[in-house]
Amino acid sequence: MNKSLFIRIVDRLSNEVEFFRQKKDALGRLSLSPLQKCTATIRVLAYGSAADVVEEYLRLGATTARLCVEHFVEGIIYLFGDEYLRRPSPADLQRLLYIGEQRGFPGMKGSIDCMHWEWKNCPTTWKGQYLRGSGQAPQVTFSVNKREYHLIYYLTDGIYPKWATFIQSIPIPQEAVRKDVERAFGVLQARFAIVKNPALFWDKAKIGKIMRACILLHNMIVKDKRDGYTHFDVSEFQQGEDTGTSHVDLTYSTDIPSNIANMMGVRTRIRDRKMHQQLKADLVEHIWRKFRRDGDNY
């Protein structure tokens with residue numbers, strides 16, 4: 001993390017979060033500074049160490065250090081969550097679809113992989129409670145092997161079900177794309193060892209906040225380093241230009257009534273195994289034509 005980014009975080013927390021404001025006690029002595037509290041928290045997150053490790057270095061007790069971590073992650077989520085941890089906008093989605101199509105996968109939003117964070121104190125009765133999600137997505141149209149589709153998909157490994165939104169087991173090009181996600185998780189764990197080591201907090205809400213804050217900080221660091229360069233020409237993603245077959249319908253409304261009929265209709269479309277097999281076959285044909293070398297035969 002660059003010094004300028006760290007100082008920006010310290011300034012925002014000290015100005016907008018009560019816990020990080022430096023105060024005076026009854027004798028007029030200054031309390032711990034925001035810099036001390038934020039430094040202690042970053043060290044705990046980065047090294048995954050016990051709270052009392054910073055006691056001598058920063059003159060913080062273990063209890064205070066734990067409070068710093070709790071208030072820090074809450075403050076990061078509150079102050080920066082809307083900017084650095086949000087759902088993709090239609091423009092973001094169009095950019096992701098363009099990148100996926102350039103790599104041979106029209107209609108691909110990204111890749112899914114799992115990162116397991118062991119919860120040392122997790123009660124066994126809570127196992128499997130966090131496996132569901134919901135939400136609405138913009139309408140997307142893309143073409144593969146001259147056939148039109150309307151559901152974006154993710155690249156996965158064999159553990160995921162054969163649904164229309166999951167595509168598994170296409171050698172070489174798919175594995176190259178999926179490795180990007182594995183590397184991203186590896187960087188996150190290397191940068192914040194607290195998510196690599198067993199989670200020691202008892203409270204599941206606090207564990208969730210720590211993970212979200214680490215992802216937020218990771219995104220902030222990436223954006224801070226990326227400001228000086230751009231991987232892709234943003235003009236390529238502007239509406240109206242021919243950027244491939246994948247297009248986001250910016251006029252499509254996601255405010256669909258959440259009634260049982262709509263939910264069951266979406267569920268049926270997503271779990272369509274026939275559509276999954278058809279899309280997979282079309283992708284194989286598309287990838288063969290796009291990447292085959294002269295002289296290759298079926």
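My entries follow, topic by topic.

**Ground rules.** I am reading a predicted model, where local features need pLDDT of at least 70 and side-chain atom pairs count only at pLDDT 80 or more, while totals for chains, interfaces and linings use all residues. Residues are numbered from 1 along each chain as its sequence is written, and side-chain values use heavy atoms, with hydrogens and water left out.

**Helix 2.** I took helices (H or I, at least four residues) and strands (E, at least two) as DSSP runs, numbered from the N terminus. Helix 2 covers residues 34-47, and I checked its length: at 1.5 Å a residue its 14 residues should span 20 Å, and the end C-alpha atoms are 20 Å apart, which agrees. The expected span here is 1.5 Å times one less than the number of residues. Next I looked for its buried residues (under 20% relative accessible area; exposed is over 50%, partly exposed in between; 1.4 Å probe, protein chains only). I found P34, K37, C38, T39, A40, T41, I42, V44 and L45.

**Cysteines.** How many disulfides are there in the whole structure? My search found zero, counting a disulfide as a pair of cysteine sulfur atoms within 2.5 Å. For C68, the nearest cysteine sulfur belongs to C38 and is 8.0 Å away. C68 is buried, at a relative accessible area of 0%. I noted C214 as buried too, with a value of 0%.

**Strand 2 and its partners.** Strand 2 runs over residues 140-144; V140, F142 and V144 make up its covered face, and T141 and S143 its uncovered one. I asked which strands it pairs with, where pairing takes at least two DSSP bridges between two strands. Strand 6 (residues 247-248) is one partner, antiparallel, with two bridges; there V140 sits opposite V248. Strand 3 (residues 147-149) is another, also antiparallel, through three bridges, and F142 has Y149 as its bridge partner. Strands 2 and 3 form a hairpin with two residues between them, and N145 in that turn has a positive phi of about 55°.

**Helix 8.** M264 lies in helix 8 (residues 260-270). Is M264 buried or partly exposed? I put it down as partly exposed, because its relative accessibility is 39%.
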